[in-house]
Amino acid sequence: KKYIYIQSDLNAWYELALRLNQKNIAEPVLWFGDDSKTKLVKKKFSCETLAFYDQYKIGSETFVVNELANSFFLSDRYNYVKDICIKMMDREDISGLVRYIDREAIFYYWLLWASHKIQKLKPDFLLMSESPHAYLHYLVYELCEFASIKTLSFGMVTKFAPILYLRNGIY
């Protein structure tokens with residue numbers, strides 16, 4: 001099986017990917033993660049990688065609006081997801097230097113990028129080490145949900161004792 005992996009910087013999440021691969025359970029095809037793990041990931045897996053801070057840049061790639069993106073633009077979820085993503089960007093721009101129109105351009109670029117990757121790589125599932133905390137992670141989650149790709153994330157209960165569990169979706 002092939003999966004998109006969104007993980008935080010804990011080494012345990014890298015180890016999980018190694019174990020899934022070693023046991024022939026699944027292999028990542030797209031890896032979002034901590035910048036410090038990118039070199040390790042590129043050595044071990046033949047997947048595409050995206051470092052965390054790359055999500056605030058617009059690349060030179062151009063994309064045709066594909067079937068997934070077009071369907072998503074016309075869906076009931078589109079405006080809601082765009083609003084959440086813009087608010088997540090607002091939260092990170094503490095100095096207020098990035099204008100709304102710039103955030104919107106960044107959002108559109110990465111929506112087209114992510115829909116292109118999802119359609120090209122055809123993942124069987126999305127695996128996240130936690131609920132999305134960055135707009136691009138949330139956008140990828142929503143696009144996978146929209147495309148009926150299984151989404152899994154780890155949740156944690158810490159009030160009394162640390163308990164980690166795997167769940168469908170992010171709630």
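Let's start at Thr49, which touches Trp31, Thr38, Val41 and Lys42 once residues up to four places away in sequence are left out; a contact here means heavy atoms within 4.5 Å. The model is predicted, so local features need pLDDT of at least 70 and side-chain atom pairs count only at pLDDT 80 or more, while totals for chains, interfaces and linings use all residues. Residues are numbered from 1 along each chain as its sequence is written, and side-chain values use heavy atoms, with hydrogens and water left out.

Thr49 sits in strand β3, residues 48-51. Strands (E, at least two residues) and helices (H or I, at least four) are DSSP runs numbered from the N terminus. Thr49 and Val29 are 20 residues apart in sequence, yet their C-alpha atoms lie 8.5 Å apart in space.

Now for a pair of helices. Helix α4 (residues 77-92) packs against helix α6 (residues 135-146) at an angle of about 165 degrees, and their axes are 9 Å apart. The axes are lines fitted to C-alpha atoms over the stretch in contact, with angles between N-to-C directions running from 0 to 180 degrees. The two helices are therefore roughly antiparallel to each other, a label for angles over 145 degrees. On the α4 side the contact is made by Arg77, Tyr80, Val81, Ile84, Cys85, Met88 and Met89, and on the α6 side by Tyr135, Tyr138, Leu139 and Glu142. By class, these residues divide into 9 nonpolar, no polar and 2 charged. Here Ala, Val, Leu, Ile, Met, Phe, Trp, Tyr, Cys and Pro count as nonpolar, Asp, Glu, Lys and Arg as charged, and the others, Gly among them, as polar.

Next, the pockets. On a 1 Å grid over the protein atoms alone, a pocket is an open set of points where a 1.4 Å probe fits, with protein on both sides within 12 Å along at least five of seven lines, and lining residues have an atom within 4 Å of a point. The largest pocket has a volume of about 250 Å³, volume being the space filled by probe spheres set on the points, which are joined across faces, edges and corners. Of its 16 lining residues, Gln7, Ser8, Phe52, Glu130 and His137 lie nearest the centre. The lining has 4 nonpolar, 7 polar and 5 charged residues.

The second largest pocket has a volume of about 180 Å³. Its lining includes Ser8, Trp13, Glu130, Phe154 and Arg167, and β5 gives the largest share, 3 residues. This lining has 6 nonpolar, 4 polar and 2 charged residues.

Conventions. Angles under 35 degrees count as roughly parallel, over 145 as roughly antiparallel, 65 to 115 as roughly perpendicular and the rest as oblique.
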